[in-house]
Amino acid sequence: MLDKTYGPREVEAKLYPEWEQSGAFANNVQSNANPFTIMMPPPNVTGSLHMGHAFNMTLQDVLTRFNRRRGRDALWQPGTDHAGIATQMVVERELAKEGIKRQDLGRDGFLERVWDWKAQSGGAITSQLRRLGATPNWSRERFTMDEGLSRAVVKVFVQLHREGLIYRDKRLVNWDPKLRTSVSDLEVEQKETKGHLWHFRYPIEGQEGRFITVATTRPETMLGDTAVAVHPDDERYKDLVGRHAVLPLVGRRIPIVADAYSDPEKGSGAVKITPAHDFNDFEVGRRHDLPLISILDEEARLNDQVPEAYRGLDRYEARKRVVADLEALGLVEKIEDHLHTVPYGDRGGVPIEPLLTEQWYLKAEVLAKPAIESVEQGRTVLLPKMAESIFFEWMRNIQPWCISRQLWWGHQIPAWYGPDNAIFVEESEAEAKAAAENHYGEAVELRRETDVLDTWFSSALWPFSTLGWPDRTPELQRYYPGDVLVTGFDIIFFWVARMMMMGLHFMGEVPFRTVYFHSLVRDEKGQKMSKSKGNVIDPLELVDRYGADALRMTLVSLAAGRDIKLGPQQVEGYRNFATKLWNAARFCEMNECRPVSGYDPAANTLTLNRWIVGEVAKTAEKAAAALEGFRFSEAAQALYQFTWAGFCDWYLEFAKPVFSGSDEAAKAETRATAAWALEQILHLLNPIMPFETEELWRHLADRGDAALVTQPWPDYPAGLVDPRAAAEMDWVIRLISAVRTIRSEMNVPPAAELTATLRGASSETKDRLETHGALIRRLARLASIEASEAVPEKGAAQAVIDEATLVLPLAGIIDLDKERARLTKEIEKNAAEVEKIDRKLGNAQFLEKAPDEVVEEQRERRAEAQAAIERLREALARVAG
């Protein structure tokens with residue numbers, strides 16, 4: 001006998017190890033089945049399971065389980081990413097607790113400590129994924145710094161360098177002064193900051209008493225100015241173009257140049273140009289061949305390119321000193337409060353500096369062209385469709401990719417420098433030495449490049465490096481390209497685009513045929529989850545409280561394209577669904593509903609049973625079609641509605657009189673049908689709710705060593721849907737539901753047994769009433785129901801059921817005038833709410849200032865109020881005058 005309540009913790013702890021040890025998640029490279037490949041976005045080795053992971057991995061697992069059970073040879077390729085900056089920061093923090101800096105250990109000693117940390121703590125997230133029920137082929141787990149993947153990285157780098165697509169260049173980069181490394185544009189967060197706008201007067205050379213005023217938010221960088229720019233059409237400065245200003249505090253002559261970058265409508269119309277410390281200024285500098293004077297070191301301290309009084313100062317200390325000294329010279333015209341955005345490193349958490357450094361770059365625009373064409377031609381489909389415009393916008397304007405990082409943890413760039421700094425890029429030091437000897441005519445000492453590659457460089461190779469490339473392995477030939485990639489919009493450029501570029505270049509084919517971009521998981525108010533806001537929801541806490549299946553069903557049900565608002569109460573709701581399913585299985589067990597060998601659902605004789613097998617078949621078709629189309633929420637809702645309403649609330653209620661009746665043949669058929677329908681529900685729900693469905697499936701019958709996770713997806717014979725049975729039982733359900741709705745809306749006391757009449761009933765309706773009258777009376781709590789034209793003209797509620805009108809006399813049972821007044825008041829209340837929200841949404845100032853989530857919340861409240869109005873009006877219309 002099933003336990004009275006479902007205990008998810010015990011079931012999950014028991015079942016998952018059994019599945020994994022049995023090889024249930026394994027792919028088979030020798031199989032003749034059609035392969036299904038899905039690449040797991042490798043979570044950072046530093047990470048622990050957050051709600052974004054839980055959402056993403058649940059969707060992938062649902063697809064994998066679904067396709068595996070449909071007979072495809074499914075490979076869900078797991079692994080983790082070495083996460084350069086993130087991991088180095090974690091280990092450095094650990095060392096700091098011991099009073100040690102990485103420099104104290106040296107590079108080799110530090111890397112040894114990182115590998116030790118990875119061995120001890122790096123697998124935490126994969127253990128947590130198991131708690132969620134994820135079923136990748138763990139035996140194939142890879143790590144981006146595995147020997148095989150590292151070999152692939154080196155080979156790709158060397159080949160791209162030989163093709164002229166990787167090169168060294170001195171350019172401005174986003175520099176993180178805390179971590180002392182370059183970071184990509186995608187790793188920079190723009191934060192709105194209250195600051196100042198300083199207006200400085202630069203003297204004009206040879207025109208004593210004349211100045212040109214420039215405005216800046218960064219006074220310290222003026223020490224590196226090499227020009228002042230004005231707009232070519234600005235009449236105010238036409239006579240100054242070609243002349244020079246004298247840079248205060250430095251004394252350097254700097255030209256006044258005409259450039260369209262300067263906006264005549266902004267400030268004074270003149271801008272200071274610091275090519276080595278501003279990305280826009282860098283472009284102006286290139287156009288006018290200006291010198292690049294870099295005044296900051298790696299820690300954002302002023303270097304020896306500035307007057308001695310400022311050397312060694314932190315950038316913000318230097319700012320104060322520069323402003324004070326210019327004020328003393330009378331060269332500060334004014335200082336204004338100014339709200340502006342400041343770039344911050346998303347890892348280091350400090351403002352980023354544009355810094356002139358020599359780095360390694362990849363000509364991304366060359367690799368981007370085939371990737372763009374693959375989407376244009378439909379070889380890779382991006383879902384939802386709006387992702388295409390985002391993809392094209394970025395890819396068609398792609399910039400050179402800075403692929404080097406000044407870190408110790410990562411793939412060290414395979415480049416060596418000769419005595420004269422000649423570069424030798426080879427796959428090994430021995431090959432580099434041989435190349436150098438050939439170049440110099442003798443053996444020389446080489447110096448290894450200390451930089452490592454951007455983490456995204458190695459993860460860009462993930463779809464083929466994990467399958468054994470550069471070797472032509474059977475796995476590579478069978479599982480590349482993949483079928484689908486499931487990921488978030490936030491890494492469309494970090495990862496998706498780069499995998500496409502690398503896959504097409506090295507494999508000659510797209511890495512995946514479909515990319516499904518899911519939305520972000522936000523808190524229940526629609527705000528982005530963050531530790532600083534204190535609104536982070538730990539998925540494992542929800543698993544502990546409600547079970548993995550409840551969380552999985554919640555996430556799949558919410559996966560409808562828009563950002564997800566998630567709160568514990570939603571997971572609790574799906575925990576209740578799990579309880580409902582468990583109780584239904586207990587009810588079936590208590591009524592001796594067991595699977596019958598040789599049962600044929602098409603051979604049923606009772607309308608009730610012909611109806612339910614048809615509903616099973618329709619639900620299976622809906623769910624499968626939805627999953628095939630990546631409409632996850634549609635699949636979940638179809639299964640939820642059928643299980644909760646169709647099977648539990650209606651079919652089992654309809655079956656109760658049969659179970660307690662004396663017709664043994666009807667009883668046997670209904671028991672077998674109930675057991676079959678329950679078993680089909682377990683099959684259909686299994687990809688989403690694997691633990692409870694497996695436990696119940698095993699309990700329904702003796703399965704031996706078989707597991708539901710490996711059973712084939714149900715295949716139903718044609719003709720299971722009986723339209724006559726479906727129409728008849730649908731009519732019964734709609735009639736009972738109409739009575740229940742009226743009782744609820746009119747506040748009819750639960751104990752009151754009403755008399756009901758069907759006016760204008762057809763002969764078919766009368767036949768149905770004759771057949772199902774007892775059932776309708778019991779479930780609608782009616783004293784009687786009959787087909788008749790004699791109905792009260794007043795004091796009754798009405799509802800239309802097909803050609804007939806249901807009439808429920810309520811006079812003497814409730815105060816109808818009072819109910820009408822109540823309904824009218826509720827309508828007015830909701831109408832006032834709609835009007836209030838409309839005023840807000842029609843206010844341009846509100847729309848401009850309110851956060852997106854607040855605006856969305858207002859729209860949702862309006863939709864709820866409008867729906868309530870419609871519902872209440874329908875209720876009011878049901879009450880006869």
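A: Helix H11, residues 429-440, lies across E18 and E19 and runs at about 140° to E19. Keep in mind that this is a predicted model.

Q: What order do the strands of that sheet come in?
A: The order is E19-E18-E20, an open sheet of three strands with antiparallel pairing.

Q: And which strands are at the edges?
A: Strand E19 (423-425) and strand E20 (447-448) are the edge strands, each pairing on one side only.

Q: How many bridges between E18 and E19?
A: Three bridges, in the antiparallel sense, with E18 covering residues 415-417. Within that pairing, Trp 416 has Phe 424 of E19 as its bridge partner.

Q: Let's step back to the whole chain. How many helices and strands are there?
A: The protein chain has 27 helices and 29 strands. Its C-alpha atoms fill a box of roughly 110 × 65 × 55 Å along the principal axes.

Q: What share of the residues is buried?
A: Buried residues are 54% of the 881 in the protein chain. As for contacts with a separation of 6 or more, 77% are between residues 24 or more positions apart.

Q: Now E1. How many of its residues are buried?
A: Strand E1 spans residues 35-39, and five of its five residues are buried.

Q: Which residues go on which side?
A: Pro 35, Thr 37 and Met 39 are on one side, with Phe 36 and Ile 38 on the other. Both faces are covered. In a regular strand, side chains alternate between the two faces of the sheet.

Q: What does E1 pair with?
A: E1 pairs with strand E2, residues 73-77, in the parallel sense over five bridges. Met 39 has Gln 77 in E2 as its bridge partner.

Q: Which residues lie nearest its centre?
A: Thr 217, Arg 218, Asp 278, His 340 and Thr 341, out of 46 residues lining the second largest pocket.

Q: Which elements give two or more residues to that lining?
A: The strands are E7 (188-203), E8 (211-216), E12 (270-273), E13 (332-345) and E14 (353-362), and the helices are H7 and H8. E7 gives the most to the lining of the second largest pocket, with nine residues.

Q: How does the lining divide into nonpolar, polar and charged?
A: The lining of the second largest pocket has 15 nonpolar, 19 polar and 12 charged residues.

Q: What about Ala 300, buried or exposed?
A: Ala 300 has a relative accessible area of 1%, so it is buried. Ala 300 is in the loop between helix H7 (279-288) and helix H8 (315-328).

Q: Last one, Arg 545. Which helix does it lie in?
A: Arg 545 is in helix H16, residues 539-546. With a relative accessible area of 48%, Arg 545 is partly exposed.

Q: Which residues is Arg 545 in contact with, leaving aside neighbours within four places in sequence?
A: Pro 568 and Arg 575.

Q: And how far apart are Arg 545 and Arg 171, say in space?
A: Arg 545 and Arg 171 are 53 Å apart, C-alpha to C-alpha, and 374 residues apart in sequence.

Definitions and conventions
Residues are numbered from 1 along each chain as its sequence is written. This is a predicted model: local features need pLDDT of at least 70, side-chain atom pairs count only at pLDDT 80 or more; totals for chains, interfaces and linings use all residues. Side-chain values use heavy atoms; hydrogens and water are left out. Helices (H or I, at least four residues) and strands (E, at least two) are DSSP runs, numbered from the N terminus. Buried means under 20% relative accessible area, exposed over 50%, partly exposed in between (1.4 Å probe, protein chains only). On a 1 Å grid over the protein atoms alone, a cavity is a set of points where a 1.4 Å probe fits but cannot get out, and a pocket is an open set with protein on both sides within 12 Å along at least five of seven lines; lining residues have an atom within 4 Å of a point. Ala, Val, Leu, Ile, Met, Phe, Trp, Tyr, Cys and Pro count as nonpolar, Asp, Glu, Lys and Arg as charged, and the others, Gly among them, as polar. Two strands pair if DSSP finds at least two bridges between them. Contact means heavy atoms within 4.5 Å. Axes are lines fitted to C-alpha atoms, for helices over the stretch in contact, and angles run from 0 to 180 degrees between N-to-C directions.
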